[in-house]
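Good morning, and thank you for making the time. I would like to take you through one structure, beginning with a sheet and ending with a group of helices.

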Amino acid sequence: MSQPDYEPNVVLSTTEFDVVGTRPIRHDGADKVTGRALYGADFTMAGLIHGAILRSPHAHARIKSIDTSKAEALAGVKAVVTAQDLADPGDQTVDLGEGVTRLAYILANVLARDKVLYKGHAIAGVAATSLHVAEEAAQLIEVDYELLSPVLTAPAAMEADAPLLHENMKGKELGEEADRPSNVADHFRHSLGDIDKGFAEADLVVEREYNTASVHQGYIEPHNATVLWNNDGRVLIWCSTQGSFVVRDTTACILGIPQSQVKVTPMEIGGGFGGKIPVYLEPVAALLSKKTGKPVKILMSRQDVFESSGPTPGSHMKVKMGVTNDGKITAAQAYLAYEAGAYPGAMVVPGAMCVFAAYDIENVVVDGYDVVVNKPSTAAYRAPGATNAAFATETVVDEIIEKLGIDPLEFRLKNAAKEGTRRADGPKYPRIGCVEVLEAMKNHPHYKAPIEGPNRGRGVSIGFWFNVGMQSSCNISVNANGTVNLVEGSTDIGGTRAAVAMQAAEVLGLAAEDVQPTVVDTDSVGYTAVTGGSRVAFATGLAAYEAAQDVKRQMIERAARIWEADAENIEFRKGVFHHNNGSSDQMTFSELAEQLGSTGGPVIGRAAVNPPGVGGSFAGVITDVEVDPETGKVTILRFTSVQDAGKAIHPSYVEGQMQGGSVQGIGWALNEEYFMSDDGVMENSSWLDYRMPTSLDLPMIDTVIVEVPNPGHPFGARGVGEASIIPPPAALANAIYRAAGVRMNRLPMNPGAVMQAVWDEQDN
Amino acid sequence: MPAKSHVQTTINGESIEFLCEPRQSLLECLRDIVGLTGSKEGCNDGNCGACTVVLDGRIVPSCLVLGVEAEGQQITTIEAVAAGSHLHPIQQAFLEDAALQCGICTPGFIVAAKALLDKESNPSEERIRLWLANNLCRCTGYDKIIRAVRHAATKMQQEQT
């Protein structure tokens, strides 16, 4: 690592605090560098038996019959379950935190009932004395299929005579039920202004069409679950999940038992990125445990993870934008058709929210289509839907910029969304940092540095993610020595224990290490929504802040009792209680903590929040590439990620989110793809062939944290987890254009795709 | 169920005996039989490096070694990288430099990085990137991992002088 002549990681700080904004060692760190931290697959208990899942070899087929007798007869097999072991949900709908959906879809994705809708679709579960016996037994289950034609892309699934995945599914057409069944679960539209007038006012209109492949979240830890259906009727679950309460509620719903009868203990989680929100294994392991009376553990293989979990939608998109000669966008229109996979719920709603979110445009139409296809049911993936959409918008913008001869950042600044800008999907922006991110990009040494040499080019792009708030709970108990223990329900995927604890520490005048955070089970803390939507440092952090305020209030009352004073006359500053009566009475936090037992008993602060003041985040990328003219391989020479964090609670982990999101965006842009055969089989379901970026594929990822405080959070924090994945594909496409002279209209932009674009260009 | 084989080996300096099926990988034996769950399974086909251990002086993905092949070998896992309660400089650097997020790949990276620094005291960024190319991390983008390994190398050099 040669020393660069600039600062590779910068924080453009606007407000300073004692703990917030510093870089303490994370509380769970030692366990994670020594191998002691227990992840889902590490869990074991007495009497444990092992489960395996039989998965469909076909992408689309009707199940005529299932014969489990040979599997049941194998020595060591304890139980076999199929969808017949679950109650038929009929037409029930449920809202498990991700919007209203048909319970039948959730059940059928856990265990297929009458049809299999993708290769890898779960059909039966087997429990046996060892994993290998369970796997052997699963292969002995005989399924009689009636094969059906698969549809694998949104355009194919939208054709009038396309085979239907759900024969009776009449989707919504602009809010109304469609008149006949199709594979389109939903077509919605957002409109703003007058689109025809907007295009009529334009001097230049650019319209382009795009296709992006399905990609996987790629967390290193496969899905896992251990379940004991206990003799007292309680279902005990140990698993790796982004949302222990979602697992609890979904499992209870599927099994038809009260939520209080399910207890989920979240183990450490080895990555999620949205893909560990859905429930796959827990209900199956529960059924197997009920049948056997033993704890049952099921693990996915990596192939299972690729074929049966995630991925994020492939998409077919068109974006059209009109501008005046002086660089003002007059109109923008988008057509977004996203692949939901087997069941409705493609991430096209957030895609439609974000597609033009960086710009202040008067006339907008966005059409979104949620299309079912014979691929795994899609899951969220870091800013779900936004990366696809921004790839289209930001490459159209680049083409406009080139034609107008305007600086790419000046053009974006001229049209940038700001406080008060209305998005086509409805909301008016509160204070946002789009302009500040663009300014930081413009001022960065990277943007000012010359780019030299043949086959090299620079690209920029920007992206927006709205972030979410949602429910979080937190309790803080005060120890006699003045330290505190904090319990929360947000599973910690990227250092959030530290970010949450630091906010409590700031309020209580403690050091970060004097607050001991623990992520507890669903019996031990109030409802807490998923670790997702970039919400934990914001919303669970806010819960910790409020719980700490509750501690502070109670501690002041204790001081009042000791000093025989009015609570209003006691002030707490920098960890010390002061009596404002002219006396010099004062006590440190720990001096008062020592006296809690004799002044009324323990102090426990608590808070439960559902904060409205969510702050959206913008992220920008500057990148330089070199394109090998012989092979089409893209080498990234330099990469800078800029993002508005509002206030970076722990800047190292904010940088980590930016770097990690950037590299996922790079993988999505340059390599990653579900390579499907015509009959719907993923042909690259291993990391040898589904190639995620390795250390050797990348440069250092430089960062600039911009801080435009979020008025909806006491320290100004915005969610930071997601926005960074959005701009890389477009920035790389724009850089490839400058380097190789070709406009890329598909992802991934792997060597074959780049060479094809170069040859097509030469043919024209 | 196939007959089990008896394996006599040395793990983290301790003489260990276990019984395993011939088809069980060393990773499976370490995790499920010996009880050392610090080595992680990410792919079970040698592509992610989360199960990296040192076998007879070389780093290997333990999912690609059979348990029976451990017979008579010397194996070191993540559990032996710290010296008792003292973290190894690489572990300390990972903490100080925030070189982990979810942490599932971290044991493999630390075992692999230690093997590098045991051989080479001052590897370049390029050298570290090449050495760690069989270890996948999906959270960090590798930047802070590379910095932590460089940081640890510097500290280890200073400690020696």
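This is a predicted model: local features need pLDDT of at least 70, side-chain atom pairs count only at pLDDT 80 or more; totals for chains, interfaces and linings use all residues.

**The sheet of chain A**

In chain A, 7 strands form an open sheet with mixed pairing, in the order 4-8-2-17-14-15-16. Helices (H or I, at least four residues) and strands (E, at least two) are DSSP runs, numbered from the N terminus, and two strands pair if DSSP finds at least two bridges between them. The edges are held by strand 4 (77-82) and strand 16 (262-266) of chain A, each with a single partner strand, so one side of each is left without a neighbour in the sheet. On average, neighbouring strands of this sheet are turned by 25° against each other, direction ignored. Angles run from 0 to 180 degrees between N-to-C directions, and axes are lines fitted to C-alpha atoms, for helices over the stretch in contact.

Residues are numbered from 1 along each chain as its sequence is written, and chains are lettered from A and ligands numbered from 1 in the order in which they are written.

Let us turn to strand 2 of chain A. Which strands does strand 2 of chain A pair with, and in what sense? Strand 2 (residues 49-55) pairs with strand 17 (residues 296-299) of chain A in the parallel sense, over 3 bridges. Within that pairing, A:I49 stands opposite A:V296, and A:H50 stands opposite A:K297. With strand 8 of chain A, strand 2 of chain A pairs in the antiparallel sense over 6 bridges; here A:R55 stands opposite A:A122.

Is strand 2 of chain A buried or exposed? A residue is buried if 20 or more other C-beta atoms lie within 10 Å of its own, exposed if 12 or fewer, and partly exposed in between, with C-beta atoms placed from the backbone. In strand 2 of chain A, 7 of the 7 residues are buried, so the strand is largely enclosed by the rest of the structure. Both of its faces are covered, with A:I49, A:G51, A:I53 and A:R55 buried on one side and A:H50, A:A52 and A:L54 buried on the other.

Helix 7 (residues 244-255) of chain A lies across strand 15 (235-239) and strand 16 of chain A, and runs at about 150° to strand 16 of chain A. Contact here means that the C-beta atoms of two residues, placed from the backbone, lie within 7 Å.

**Chain B as a whole**

Chain B has 5 helices and 5 strands. From the N terminus on, its elements run β-β-α-β-β-β-α-α-α-α. The radius of gyration of chain B, taken over C-alpha atoms, is 16 Å, close to the 15 Å that the globule rule (2.2 Å times the number of residues to the power 0.38) gives for 161 residues, so chain B is as compact as a globular protein of that length. Its C-alpha trace spans about 50 × 35 × 25 Å along the principal axes. Of the 161 residues of chain B, 59% count as buried.

**The sheet of chain B**

The 5 strands of an open sheet in chain B follow the order 2-1-5-3-4, with mixed pairing. Strand 2 (14-20) and strand 4 (58-61) of chain B stand at the edges, each with a single partner strand, so one side of each is left without a neighbour in the sheet. From one strand to the next, the twist averages 40°.

Strand 1 (residues 5-11) and strand 2 of chain B pair in the antiparallel sense over 7 bridges, and the bridge partner of B:Q8 in strand 2 is B:E17. Helix 1 (residues 26-34) of chain B lies across strand 1 and strand 2 of chain B, at about 95° to strand 2. Helix 3 (residues 106-119) of chain B lies across strand 3 (52-55) and strand 4 of chain B, at about 40° to strand 3.

**Helix 2 of chain B**

The axes of helix 2 (residues 89-96) and helix 5 (residues 143-160) of chain B come within 8 Å and cross at roughly 135°.

The axes of helix 2 and helix 3 of chain B come within 9 Å and cross at roughly 130°. These two helices of chain B, helix 2 and helix 3, are therefore oblique to each other. From helix 2 of chain B, B:I90, B:Q91 and B:F94 meet residues of helix 3 of chain B, including B:I110 and B:L117.

Terms used:
Angles under 35 degrees count as roughly parallel, over 145 as roughly antiparallel, 65 to 115 as roughly perpendicular and the rest as oblique.
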